[in-house]
Each structure stands twice: as C-alpha cells, then as structure tokens.
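The explanation starts from one contact and then widens to the whole chain.

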Amino acid sequence: MYAACSTTAQRGALDWYKPFHDATKPIFERLYASVADGTETRRTLEKNSSPTYREELEEELREIRESEIWRAGKTVRSLRPEAKNKK
C-alpha cells in the first residue's frame, strides 16, 4: 500500500506511525474489552430499541458530519479530478 503513495506520504507514515500507534493503543484495548464483555452489544441493542432511534442517530451523525475533519475531507474530495468532471 505504501509503495503506491508519494514519497511525502511514505515519509509521514514512517515518521508518525509509532506515535499514532502509541496514542491509539489504549483506545483499541478499551474497545476490544467492551466487545468481549458484551458492553457494545448491550449499548447497540438499547440504542436501537429506542422509539426515537432515528432522530437520535441523525443528531449523532450530524455532529460527526459537521466536525472540522469531515468538512475538510468533503472539501478535499470535491477537488479530485473525477469530482470536477461530474460538474
């Protein structure tokens, strides 16, 4: 995968993969533990059983959709050549 990237992207991956691994490892450990102990399943069933599930879901998704990183991604994707050709 990295061979297909620019040398700039390769350099960034080499320089930053260890700090990102170290920063995210505790989060993934908590996530895996919550799956193993059933917490994730219980939460999913409870949330999906709510009579206002769709409204609550849309509100949560809106929060992500309007976050800075997702707005930046949308802008970047609109600059791709294939996006420009659709206009």
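**A helix contact and its setting**

In this predicted model, R43, K47 and N48 of α2 meet Y53, E56 and E60 of α3, where contact means heavy atoms within 4.5 Å. Sorted by class, the contact of α2 with α3 has one nonpolar, one polar and four charged residues; here Ala, Val, Leu, Ile, Met, Phe, Trp, Tyr, Cys and Pro count as nonpolar, Asp, Glu, Lys and Arg as charged, and the others, Gly among them, as polar. Two packed helices are described by the angle between their axes and the distance between the axes. For helix α2 (residues 39-49) and helix α3 (residues 53-65), the axes come within 7 Å and cross at roughly 115°, the axes being lines fitted to C-alpha atoms over the stretch in contact, with angles that run from 0 to 180 degrees between N-to-C directions.

Residues are numbered from 1 along each chain as its sequence is written, and side-chain values use heavy atoms, with hydrogens and water left out. Because the model is predicted, local features need pLDDT of at least 70 and side-chain atom pairs count only at pLDDT 80 or more, while totals for chains, interfaces and linings use all residues.

The secondary structure of the protein comes to five helices and zero strands, both being DSSP runs numbered from the N terminus (helices H or I, at least four residues; strands E, at least two). The radius of gyration is 19 Å, well over the 12 Å that the globule rule gives for 87 residues, so the protein is more spread out than a compact globule; the radius is taken over C-alpha atoms, and the rule is 2.2 Å times the number of residues to the power 0.38. Along the principal axes, the C-alpha atoms fill a box of roughly 45 × 40 × 20 Å. Of the 87 residues, 5% count as buried, where buried means under 20% relative accessible area, exposed over 50%, and partly exposed in between, with a 1.4 Å probe and protein chains only.

Which aromatic rings pair in this structure? A search of the whole structure finds two aromatic pairs, defined for rings of Phe, Tyr and Trp (its six-membered ring) by centres within 6.5 Å, with planes under 30 degrees apart counted as stacked, over 60 as edge-to-face and the rest as tilted. W16 and F20 form an edge-to-face pair, 6.4 Å centre to centre with 70° between the planes; both lie in helix α1 (residues 7-36), four residues apart, and both are exposed. The rings of F28 and Y32 have centres 6.1 Å apart and planes at 40°, so this pair is tilted. F28 counts as partly exposed at 41% relative accessibility, whereas Y32 is exposed at 56%.
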